[in-house]
Amino acid sequence: GSGSIQPAIKLLKQIKSDQPDMAVPVFKCIIRLYYQVGNIYKGESLLGEVQNKLSEEEKEMNNGFKCIAHGEYNEAYQHFARVVNLNPTNAVASINGAVCLLYLGKLSDSIVQFEGASKISLHPMLLFNLRVSV
């Protein structure tokens, strides 16, 4: 449950108060944590607070994560595809799209997309995101 992420959230909130310029990135991180532990309501509530401060790319990413949390993989894939259209170098969006394709039973499409994302970047965050997503 969300109790297991409370120490991380407490630390992130401290960072946000110490460094106000980091408020939006910290909110995005907290939102993803809530989605990953299944506290969709809390994640959506925080997303509402920060939505007007996000770029189009960030809005699409967060909406994709929200759809994954709801198990709406086709809709999530559409959000991640729009992110990749906005920013072809966004390997995290591409990987999440590949994960959605996998959940939709489209293994060959998922493999092709994953291979494309791995050519963009094998940045540690990409690898972490893949581990968390799968």
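The following conversation goes through some terms used for this predicted model and the values behind them.

Modeller: Residues are numbered from 1 along each chain as its sequence is written, and since the model is predicted, local features need pLDDT of at least 70, side-chain atom pairs count only at pLDDT 80 or more, and totals for chains, interfaces and linings use all residues. Side-chain values use heavy atoms, with hydrogens and water left out.

Colleague: Why is Asn90 called buried?

Modeller: Buried means under 20% relative accessible area, exposed over 50%, and partly exposed in between (1.4 Å probe, protein chains only). Asn90 has a relative accessible area of 13%, which is under 20% and therefore counts as buried.

Colleague: Where is Asn90, and what does Asn90 touch?

Modeller: Asn90 sits in the loop between α5 and α6, where helices are DSSP runs of H or I with at least four residues, numbered from the N terminus. Leaving aside residues up to four places away in sequence, Asn90 touches Glu57, Met61, Val83 and Val84, contact being heavy atoms within 4.5 Å.

Colleague: What makes the pairing of the Asn90 and Glu57 side chains a polar contact?

Modeller: A polar contact is a pair of N or O atoms within 3.5 Å; within protein, one must be able to donate a hydrogen and the other to accept it, and residues adjacent in sequence count only if both atoms are side-chain atoms. The value for Asn90 and Glu57 is 2.7 Å, so the distance falls within 3.5 Å. Asn87, in the loop between α5 (73-86) and α6 (91-103), also has a polar contact with the side chain of Glu57, through its own side chain, at 3.1 Å.

Colleague: How do you know that the buried residues of α3 are on the same side?

Modeller: In helix α3 (residues 40-50), the buried residues are Ile40, Gly43, Leu46, Leu47 and Val50. They cover an arc of only 130° around the axis, taken from the directions from the helix axis to the C-beta atoms, which puts them on the same side of α3. An α-helix has 3.6 residues a turn, so residues three or four places apart point the same way. The buried residues pack against α2 (23-36) and α4 (56-69), whereas the face turned away from the buried side carries the exposed residues Tyr41 and Gly48.

Technical notes:
Helices (H or I, at least four residues) and strands (E, at least two) are DSSP runs, numbered from the N terminus.
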